[in-house]
Every structure is written in structure tokens, then in C-alpha cells.
Amino acid sequence: VGWSEIQNWQETFSESQTPLIQVRVQKGGRLFSPGRRAREFERVILPHTQGLMRFARRLMPDQAEDMVQQALLLAWRGFDRFRGESTPRTWVFQILVNTVRSEARRFQRLPVIVSLEENDFRLVARSSGDRADMLWAIDRLPDDQKEALLLAAVEGFTCSEIGVILGVPTGTVASRLSRARSSLREQRARVMAMEMKRKA
Amino acid sequence: MNRISCENTRRLMPLYLSAELTGDALGEFSNHLAGCSSCFGEVERQMGLDRELRDAVLSEPVATGKTETRVREQIRREYWRRCALAGTGIAAATFMAFVTFASSRNVGILDATAKDHVAEVIKGQPRKWQAGADINALARRAGIQTSIPDLAKDGYALDRARLCKLDGKTWLHLVYKGPVHEISLYLHPDDGEGQSRLATVDGLSLGAFMFKTTEASLVSDSRDECRSLVNELLYGTL
């Protein structure tokens, strides 16, 4: 594992970031006619739908589509106000995180029915295999750690970009990532031990 | 010799993995890794864990077609709503511009008739006037289709008339003698805006209105007299 591999990986994820809009936005003022605005939105924001959906699905599996749709519409409505202080990708992920959080707050006020069996690995019907184990493990991390790790490991954001998305300092992101990686490893070890016990 | 501790190296590891360590910090971190197999192993394990997580998440199919379609539809609806709003705004602005233009025209003729009344009636500057039956001939020449208003029952007798050019148009200027003073009534073939308006200019009371199909402007010394005559000409039995 070398330095160049890390850099290549970062560059791959940075390809979809479009500097053109930032240049235009930095000139200030209203930039696009309504038709042009729609085309720019289509070009700059919509290509990130897949990443948004991937991320939302891990945070709110049942409402991922609604969350992403809501976030994209909020982004569309606020597209004129986007000032290019971050990349369009960081910006739209930030909107999604806020959307998910406000939905979670709303959801917390509702009575929740919790199955006691749900958290028991042995009783949950699931597919086996390394990837399934990994998904099972990440889904069980606390939300703050899960958000940071998914944004870093899967979406390829830097710690400072994650700080912008989550609204926390870069140092906090770094410590969340450290905790998340060690929790994920522990969860996986637990899953694997149980799996071996079950097979035996 | 390592200048940073293993603890600090672990703390900086997330920044190293996201390629945010630069300059001296990166140099020191790399030196530490070169001399510490435990931290080097930890970096490798963390990178491996990230790679496995990425592979696992990316292996799940993500269908975005439905969501994108719904977003595009919503955007299109909002786009047309914005266009409709913009259209309404333009229509409102056009209407306001028309009203302003119309009232400015109205103000223009009120001002012109007030000045003409002062010069020709109050100051009595010498003019060539027509009287009696010649007034009807003058009205025809001016293109007035309606009959000349008779204000006799209100105490005003038609005294004289002449054609004059006001605000770029030819007007029939009628002068009526009243119990106290004279009033002027200006008539012009219809191209007015149909708006009625009362105003005061230089102490004179004026009324701009449509008399049947004729644009009219009445000038009087008295506000009450002006109002009642305009009302009578507009709605009365004249």
C-alpha cells in the first residue's frame, strides 16, 4: 500500500467535481436563466444521485429514496444560492445529511416498536459471506461513526470535506474515523466468531 | 529515531489515509512508519478495511432511475410555475406602465386646458371666437360626433367657441357663462382612455372624462361646481 495508490484513489473520486460552476458562481449574482439553470443542475448535481442513494440507504434503509429526492429538490431550489464555497458534490451531500437528520429527529418523536430479536445476529435472516458480514457490521455502528466512515471509505471525501458535510471540525472527523474503524473491526470479529461457532 | 509517538501517529492516521497530511507532518509520519512495524501494519489494516467496506457497499446494486425521473418531473413543474409567475409579473408591470402612461396623458391634457382657460377666458387674451349656429359647424370640423352639451338648466349658457391645439391634438373649446363666472369645456373626438379624473391645477378645478364618445375636459373656478357638472355630463340626462 503506497502513497500513489491513495492519491489515485482520491483523484478518481474528484473527477466528478466540476470547477466550472465554481468559477461562474464566484463571479456572484444570478447566473443562469431558468432553462440554463436546469441544464447546469442536471450536469453538476444529478450525477451524484447514485452516491447519495448509496449513502442514504445505509443511514435510512426504508426512506433512502425519499431522502435523496427531498435533498435533490432542496438543492435545486437553493441552486442559485450555491456560492461554490465547497464542491457541488460536498454541498449536495451536506444537504442530504441535514435532510436525514431532520427526518430522524421527526422520527424520534414517534413511538418506535423495537424487536428484541433484531439485534441478535443469530436470529436475523441474512445472506452470509464477507461482503454481507461487512454490511451487517457497518449498519450496526453508531450513526456519527457510520456517516464519517462511509463518506471517507466509500465516497472518498477528505476529512475536511467530511467536516463541512457533517458540520464538525476536521479533528472531530479524524477521531470519529479512528473510532469507526476500530468498532467496525470489532463488529466483524464478533460476526466471524459467531459464524464459526454456528458452523461448528 | 522516531520524533512522533505511536499514539500521535494513530491520531494522524485518518488524515494520512485521506491524503491530507502534507509538509513536515507527512515527512515525520512517513519516517515513523518506516521505523515502526506496528503502526505500518495498522495503516495497512485500516486501508484494507476501507477497501473491503467500499467493495461491499459498491457491490450492492443502486437503482436511481425512478428517483431521478421524479426529481426531473418536479423540477419541470417548478420551472413552468416559475415561468408562469414571471409571466404574471411581466403582465402586471405592463399594466402598471399602461396605467401610468394613461394617467400621465390625462395629467398632460388637464394641465394644458388649465393654461388655455387662464389665457383665453380669465385673462381674456384676444382670440377669434365663434358663436351661435357657427359653433355646430366648428364642432363638425373638429370631428365631434356628439351634440354640444346644453348646461342651461344648470345656469350655464353657451357663449362662444373656438378650435385650439392642446397637447398635440385639436380640441373644441366651449365657453359657458354662469351666474358667477365662466367655465370652459374642451371636447375632442374619442381616443381617450375612458378614465375619469378630477384635479386642481393653479387654483382651478378640472375634470377629465368621457362625454358619450367624446374625450372631455372641464375647467372651473369652483371645485363643487366642477364636480357636479362632470357628474351631470357623465351620468345626468344631458
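Predicted model: local features only at pLDDT ≥ 70, side-chain atom pairs only at ≥ 80, totals over all residues.
Eight salt bridges are found across the interface of chain A and chain B, while the structure holds 26 salt bridges over all chains. One salt bridge joins B:Arg70 to A:Glu65, with the closest N and O atoms 3.3 Å apart; this pair crosses between chains, linking helix H4 of chain B (residues 65-122), where B:Arg70 lies, to helix H5 of chain A (residues 64-77), where A:Glu65 lies. A further salt bridge is formed by the side chains of A:Arg185 and B:Glu42, for which the N to O distance is 2.8 Å.

Chain B contains an open sheet of six strands, arranged in the order S1-S2-S3-S6-S5-S4 with antiparallel pairing. Strand S1 (157-166) and strand S4 of chain B are the edge strands, each of which pairs on one side only, and neighbouring strands of the sheet are turned against each other by 20° on average, direction ignored. Two helices of chain B are placed against this sheet. Helix H5 of chain B (residues 134-141) packs on the sheet by touching S1 and strand S2 (169-177), and the direction of this helix makes about 30° with that of S1(B). Helix H6 of chain B (residues 223-235) also packs on the sheet, where it touches strand S3 (182-189), S4, S5 and strand S6 (214-220), and its direction makes about 5° with that of S5(B).

Within the sheet, strand S4 (residues 197-201) and strand S5 (residues 204-211) of chain B pair in the antiparallel sense over five bridges. Among the residues concerned, B:Thr200 has B:Ser205 in S5(B) as its bridge partner, and B:Val201 has B:Leu204 in S5(B) as its bridge partner. The hairpin of S4(B) and S5(B) has two residues between the strands, and in this hairpin B:Asp202 takes a positive phi near 50°.

From H8(A), the residues A:Asp144, A:Gln145, A:Ala148, A:Leu149 and A:Ala152 meet A:Arg176, A:Leu177, A:Arg179, A:Ala180, A:Arg181, A:Ser183 and A:Leu184 of H10(A). By class, this contact of H8(A) with H10(A) is made up of six nonpolar, two polar and four charged residues.

For helix H9 of chain A (residues 159-166), the axis likewise comes within 8 Å of that of H10(A), with a crossing angle of roughly 105°, and H9(A) is therefore roughly perpendicular to H10(A). Here A:Cys159, A:Ser160, A:Ile162, A:Gly163 and A:Leu166 in H9(A) meet A:Thr170, A:Val173, A:Arg176 and A:Leu177 in H10(A), and the residues of this contact divide into five nonpolar, three polar and one charged.

How values were computed:
Residues numbered from 1 in each chain as written. Chains lettered and ligands numbered in written order. Heavy atoms only, no water. Contact = heavy atoms within 4.5 Å. Helix = DSSP H or I, 4+ residues; strand = E, 2+ residues; numbered from the N terminus. Nonpolar A, V, L, I, M, F, W, Y, C, P; charged D, E, K, R; others polar. Pairing = 2+ DSSP bridges. Axes fitted to C-alpha atoms, helices over the stretch in contact; angles between N-to-C directions. Salt bridge = Lys/Arg side-chain N within 4 Å of Asp/Glu carboxyl O. Parallel < 35°, antiparallel > 145°, perpendicular 65-115°, else oblique.
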